[in-house]
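Hi,

Here is the structure I promised to pass on. Have a look at it first, and my notes on what turned up follow below.

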Amino acid sequence: QVQVVESGGGLVQAGGSLRLSCVASASIGSANPMDWYRQAPGKQRELVATITIDGITNYADSVKGRFTISRDNNKHTIYLQMNSLKPEDTAVYYCNAVAVDSGRYSWYWGQGTQVIVSS
């Protein structure tokens, strides 16, 4: 069984900051969170940031310079530090994790954490 759990969302004023966390666990094999996505009401889910096991990062243009993704491999956790938040950052933020079992790779989503940025 694989679990992916996000936390850290909330309500913040524009210009403020939030830090999201995502931890992944697996009862068999291993699991590691890799990406942050978000989905605003009425919109498709979009990629926000990715980070490899080695720490190589990539960001959507809309968040470059404001968001920072990081990871702690020992804790099977990734973080998303969000600064200078804008109302358009309002969305449910989802973590995507990869689980490995006997050489097979599977991807899992968390339940999401709501971020609301007020103007």
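**Around Asp-35**

Leaving out residues up to four places away in sequence, Asp-35 touches Leu-47, Ala-49, Thr-50, Ile-78, Tyr-94, Cys-95, Asn-96 and Trp-107. Bear in mind that this is a predicted model. Asp-35 sits in strand 4, which covers residues 30–39.

**Strand 9 and its partners**

One of the contacts of Asp-35, Asn-96, is also the residue standing opposite Asp-35 in strand 9. Strands 4 and 9 run antiparallel and are joined by 9 bridges.

Strand 9 has other partners too. Strand 10 (residues 104–109) runs antiparallel to strand 9, with 6 bridges joining the two, and here Asp-101 stands opposite Arg-104. These two strands make a hairpin with 2 residues between them, and Ser-102 in that turn has a positive phi of about 55°. Strand 11 (residues 113–118) is antiparallel to strand 9 as well, through 3 bridges; Val-92 has Gln-114 as its bridge partner there.

How much of strand 9 is buried? The count is 9 of its 11 residues, so strand 9 is largely enclosed by the rest of the structure.

Cys-95, another contact of Asp-35, forms a disulfide with Cys-22, and the sulfur atoms are 2.1 Å apart. Since Cys-22 lies in strand 3 and Cys-95 in strand 9 (residues 91–101), the pair ties together parts that are 73 residues apart in sequence. The torsion about the S-S bond is about -80°, so this disulfide is left-handed. Both cysteines are buried, and the disulfide count for the model comes to 1.

**The other side of that link**

Strand 3 (residues 18–26) pairs with strand 8 (residues 77–82) in the antiparallel sense over 6 bridges, and Ser-21 has Tyr-79 as its bridge partner in strand 8. Both strands belong to an open sheet of 4 strands, ordered 1-3-8-7, with antiparallel pairing. Strand 1 (2–7) and strand 7 (67–72) are the edges, each pairing on one side only. From one strand to the next, the twist averages 15°.

Cheers

Technical notes
Residues are numbered from 1 along each chain as its sequence is written. This is a predicted model: local features need pLDDT of at least 70, side-chain atom pairs count only at pLDDT 80 or more; totals for chains, interfaces and linings use all residues. Side-chain values use heavy atoms; hydrogens and water are left out. Two strands pair if DSSP finds at least two bridges between them. Axes are lines fitted to C-alpha atoms, for helices over the stretch in contact, and angles run from 0 to 180 degrees between N-to-C directions. A disulfide is a pair of cysteine sulfur atoms within 2.5 Å. Buried means under 20% relative accessible area, exposed over 50%, partly exposed in between (1.4 Å probe, protein chains only). Contact means heavy atoms within 4.5 Å.
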